Amino acid sequence: MENLIGLNQENMGAISSRVEKPTYNRDSITTSIVHIGVGNFHRSHQAFYAHELMQNHGVLDCGICGVGLMDFDQKIYKVLKDQDGLYTLMIKELDGTFTAKVIGSIVEFIFGPENPSAVIEKIAHPDIKIISLTITEGGYNLNEGTGKFDFSNPLIQQDLENPEAPKTVFGYITQALKLRKTRGEHGLTIQSCDNIQENGEVAKKALTEFIKKAEPELVDWVQENVSFPNAMVDRITPVTVAEDIETLKEKFQIEDKWPVVCEPFNQWVVEDHFVSGRPAWEKVGVQFVENVLPYENMKLRLLNAGHSCLGILGALHGYNTIDQVATDKDFSKFLKDFMDVEVTPTLGSLDGMDLDAYKQTLLDRFQNVYIKDLISRICLESSAKIPIFLLSTLRDQLKGNQNIDRITLVIAAWCKYNDGVDENNNTYEIKDVMKDTLIKAAELSHKNPIAFLEINSIFGDLVNNDVFVNAFVSALNKVRNKSIKDCIQEINISAALV
Ligand code: CS2
């Protein structure tokens with residue numbers, strides 16, 4: 001293609017004016033945030049907010065240093081290094097139009113496995129006020145069943161034995177905080193941006209348990225000098241595909257090796273506890289609240305759980321993307337009833353929120369045909385997602401003797417999902433740290449359905465709840481003997497008759 005311009009700082013002037021570019025001086029940015037886990041979500045969410053703050057308000061104290069700790073982070077490290085931290089965000093509207101923005105807020109990047117001490121020194125640097133995290137639901141290393149930090153994890157063992165060359169986020173942060181304490185530096189905020197109920201509390205619990213064992217004399221300093229605000233984060237951000245890269249080349253002559261696609265909707269609700277201050281996020285729409293719990297509940301139990309329902313059911317039917325499932329009338333009716341009948345009663349009071357409007361927006365967002373969110377992304381690591389997104393609701397509904405038909409069908413469908421083959425006999429890969437356990441339990445469940453519920457770290461004591469167990473056995477029998485669409489229609493019809 002002629003006139004193709006590689007995305008980097010030097011070429012910024014030559015990039016099409018149809019694309020929004022940073023108008024701020026990137027050399028004047030102060031890096032006050034170290035972000036661990038630079039995936040697509042971080043780039044469509046926090047890094048976007050920081051960019052907006054720089055672009056529209058001239059606030060330049062919120063530069064981000066991205067950090068990758070996992071081997072798979074090497075790819076993003078190379079891309080961002082080549083592109084001077086720049087990348088294109090493609091915001092795709094419901095009507096098919098999209099805006100392309102070059103985001104300039106990530107100004108440094110360090111790849112931990114290549115240079116562990118550089119990461120530790122960066123976090124210990126006096127300018128750093130916030131360490132933010134997107135390390136996934138499973139990344140906090142807490143056992144779902146016992147709630148305890150998992151010291152049997154070999155990487156954690158390595159970090160305890162070899163503190164100077166850590167491998168995990170806990171090892172890195174501990175060493176950096178130790179340096180801050182020794183050097184008399186100010187404290188900082190650890191800001192979780194993962195989809196977990198009380199994500200700040202969870203981050204605090206995991207890190208404190210690790211530090212108690214690794215550096216016991218650091219515990220008091222952390223108590224006094226580190227804050228862990230809870231937050232709810234939201235923006236649907238699919239996996240980038242080759243077509244997105246091509247679109248940027250064709251429409252704007254930009255060669256971006258890893259752009260990010262996202263929906264227009266974005267939300268960030270945060271508790272305002274930042275021990276060393278924070279960027280003026282409120283200027284770009286971040287909501288600060290006393291207690292984020294109701295917002296988290298609403299988002300995790302409606303959006304994330306809704307995603308898991310559509311993903312798992314859709315996978316069995318043979319769909320590939322969330323919009324395909326969400327625009328299928330049977331599935332969308334099922335989803336709507338799931339939200340209204342089984343989730344809404346568990347949400348408690350949501351002052352100032354128009355829940356009906358929120359739920360309608362969710363249906364629209366799931367139906368955005370331009371987002372093409374892959375079902376494989378949604379089903380990824382379900383063993384860490386299902387307990388947070390669905391089982392919490394199930395427990396509440398059981399407590400109140402309320403309807404659990406749809407949640408139970410989704411859990412039974414998830415059991416069948418782990419057979420690894422859809423209704424058209426196409427096989428798919430199960431990507432989950434617990435995949436061996438899941439596959440084995442699904443196999444056993446053909447003869448003994450309860451075998452699936454015996455995965456203790458996922459279901460805990462739910463295996464002893466007769467109401468749920470009976471409902472699950474009957475639902476599993478149905479999903480193994482009928483198409484998933486028939487199962488859904490049956491529930492939809494019975495709901496209509498009530
Ligand atoms: C998704 C989330 O991973 C999932 O299962 O539900 O990634 C979701 O897209 C984001 O939380 C949206 O904010």
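Tutor: We will take the domains, then the ligand and its surroundings.

Tutor: This is a predicted model, where local features need pLDDT of at least 70, side-chain atom pairs count only at pLDDT 80 or more, and totals for chains, interfaces and linings use all residues. Residues are numbered from 1 along each chain as its sequence is written, and side-chain values use heavy atoms, with hydrogens and water left out.

Student: Which domains does the assignment give?

Tutor: Domain bounds come from an automatic or database domain assignment. Here they are domain 1 (5-289) and domain 2 (293-497). Their C-alpha centres lie 30 Å apart. Contact means heavy atoms within 4.5 Å. It takes 34 residues from domain 1 and 29 residues from domain 2.

Student: Which residues are closest to the ligand?

Tutor: A residue counts as near if one of its heavy atoms lies within 4 Å. The ligand has 13 residues around it, and the closest are Asp234, Arg235, Lys299, His307 and Arg377. Each of the two domains, domain 1 and domain 2, gives at least three residues to this shell.

Student: Which helix gives the largest share?

Tutor: Helices (H or I, at least four residues) and strands (E, at least two) are DSSP runs, numbered from the N terminus. α10 gives the largest share, 4 residues. Among the other suppliers of at least two residues is β10 (231-234).
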